[in-house]
Amino acid sequence: MGMKIQGIARTTLVAVAFGITANAAQAAPTVAGTTISNTAEATYTDPGGNPQRTPSNTVDILVDELLDVTVVSADPGDMPAPPGSTNQVLSFTLTNTGNGSEAFRLTPNSTVGGDQFDPTTTSIVIDNGNGVYDPGIDVVYTPGSNDPVLAPEASVKIFILSTIPGVAADGARGAVTLTAAAVTGTGAPGTNFPGQGQGGGDAVVGSSGADSVATGAYVVQNAKVALVKSAIVLDPFGGSDSVPGSIITYSLVATITGTGTLTNLAIGDAVPAGSTYQAGSITLQGSGLSDATDADAGEFSAAAVAVRLGTLTGGNTRTVTFKVRIN
Amino acid sequence: MNHFRGTAILIASLAAFAGASAAQAADSITLASQVFVEKTVTGPDGRTQVQLNQPTRVMPGDDLVFVLKYRNAGQAPAKNFSVTNPLPRAVAFRETAGGSALYSVDGGRNWGALPALQVRAEHGRLRLARPDDVTHVRWTFRQPLPAGASGKLTFRGTVR
């Protein structure tokens, strides 16, 4: 059985003397089930002057399957998501780093520690190969039913879809982990599954333990708007009394706060009873807007002023003014 | 390209029995190939030992020791004696142990000492050959192998 080898040090010296350096990084590992077949040959000239050749016996050794896997996050960072939103996507890359074709069981966990909220994972989706989540096209994963099978060195993107709690605070972080485990088995490196390797050999757990876990995270991006209304009165006599004929200039200041974005933000204000809207008086950020319902952002209709502010991120303010005359 | 002559050194302890008897057909050269896997094992006392086992199964990354035992079992010396081992494709050559050998990195067409060999890399440029480029190892004996002489040749490789 096992015998000690002598003279390792001497061998090393010889290698140095011949200038043999360590191997460069190896390419793809030998595929499980490959037979390594070694035959040497002796050649010589016999006394009759005839060249002769003698082959050695052939030694055949089967390459076992190494079970190894990596999972890494494929996101550029924490993924922004509004509170209460659904189908928010985290991306992972699953790679078979073993040397045999292998199926991998996927398990998400959204109740990890060290974050501020727990997303609710609603599905795991297997990419169709284009690297992007395609709703309705990429296949939803069911454990044990469509465990992704990867050839050696092959990778696939995995998407985790989650719902973000409506109460999650702006800036809060919620992490989700994805674990991939070789279906053949996992365990300490060296754990052997006899006869279960691709190609008829054993399957042996590699340095990864045949499973791997990676973390992705959502960061809540929320935004709020505060609206402050003020009025300046100019009476017909140059003063500021509210009398018939006085012109009131109303200012509406919208202030957006938070890390998120508000879309389709609009301001509307009804003209007060007992007053008359002054045509053409709407301004946005000091620039005039038409009263007509048209391409520009402002309009006056149905006794109300409306200004569409569009999509605004936190930190922006918008000021709208319009004028009425007291009847 | 590289015509190395007479660079090989006899590594085995050849019994110097010349004076072979009558020239009979030296049809009795034997060559035995053995492959061992080399593993460092830590014993219960915490000391490490390097063990060699003859495997039937290996893993990528396993270190292999190839041993070739030759013997002239005939009655006459074998002239121009050489031993060649083509590397199995799944094995990356590392080194020969205790002797000088010639190498080929092109399937056995050209032979030389490893530092003298080149391979074509990406974009068609030549670079110095590395051990894992080796496709064949050959030992060439300057002296005829006397009748009854035997020896052992060894090299190491790693399962790719």
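Let's start at a turn: strands β25(A) and β26(A) form a hairpin with two residues between them, and Ala302(A) in that turn has a positive phi of about 50 degrees. Strands here are DSSP runs of E with at least two residues, helices are runs of H or I with at least four, and both are numbered from the N terminus. This is a predicted model, in which local features need pLDDT of at least 70, side-chain atom pairs count only at pLDDT 80 or more, and totals for chains, interfaces and linings use all residues. Residues are numbered from 1 along each chain as its sequence is written, while chains are lettered from A and ligands numbered from 1 in the order in which they are written.

**The hairpin and its surroundings**

- Two strands pair if DSSP finds at least two bridges between them; β25 (residues 298-301) and β26 of chain A are joined by four bridges and run antiparallel.
- Within this pairing, Gly298(A) has Val307(A) in β26(A) as its bridge partner.
- On to the loop between β25 and β26 of chain A, where you will find Ala302(A) and Ala303(A).
- Ala303(A) has a positive phi of about 60 degrees although it is not a glycine, and Ala302(A) is not a glycine either.
- A residue is buried if 20 or more other C-beta atoms lie within 10 Å of its own, exposed if 12 or fewer, and partly exposed in between, with C-beta atoms placed from the backbone.
- Ala302(A) is exposed, because 9 other C-beta atoms lie within 10 Å; Ala303(A) is exposed with 12 C-beta neighbours inside 10 Å.
- Strand β26 (residues 304-313) of chain A also runs antiparallel to β21 (residues 261-270) of chain A, with eight bridges between them.
- Ala270(A) stands opposite Ala304(A) in β26(A).

**Chain A as a whole**

- Chain A has one helix and 27 strands.
- The radius of gyration of chain A is 36 Å, well over the 20 Å that the globule rule gives for 327 residues, so chain A is more spread out than a compact globule. The radius is taken over C-alpha atoms, and the rule is 2.2 Å times the number of residues to the power 0.38.
- Along the principal axes, the C-alpha atoms of chain A fill a box of roughly 135 × 45 × 35 Å.
- Of the 327 residues of chain A, 29% count as buried.

- Three strands of chain A form an open sheet with mixed pairing, in the order β6-β17-β16.
- β6 (65-67) and β16 (192-193) of chain A stand at the edges with a single partner strand each, so one side of each is left without a neighbour in the sheet.
- Three bridges join β6(A) to β17 (residues 203-205) of chain A, and these run parallel; Glu65(A) stands opposite Ala203(A).
- Another open sheet has five strands with antiparallel pairing, in the order β4(A)-β3(A)-β5(B)-β10(B)-β7(B).
- In chain B, five bridges join β5 (residues 79-86) to β10 (residues 136-140), and Thr84(B) has Arg138(B) as its bridge partner.

**Nonpolar cores**

- A nonpolar core is a set of buried Ala, Val, Leu, Ile, Met, Phe, Trp, Tyr and Cys residues joined through C-beta atoms within 7 Å.
- The largest core has 80 residues, and those touching the most other members include Phe104(A), Leu178(A) and Tyr103(B).
- Strand β15 (residues 173-182) of chain A gives the largest share of this core, six residues.
- A second, separate core of eleven residues includes Ile282(A), Phe300(A), Val305(A) and Phe322(A).
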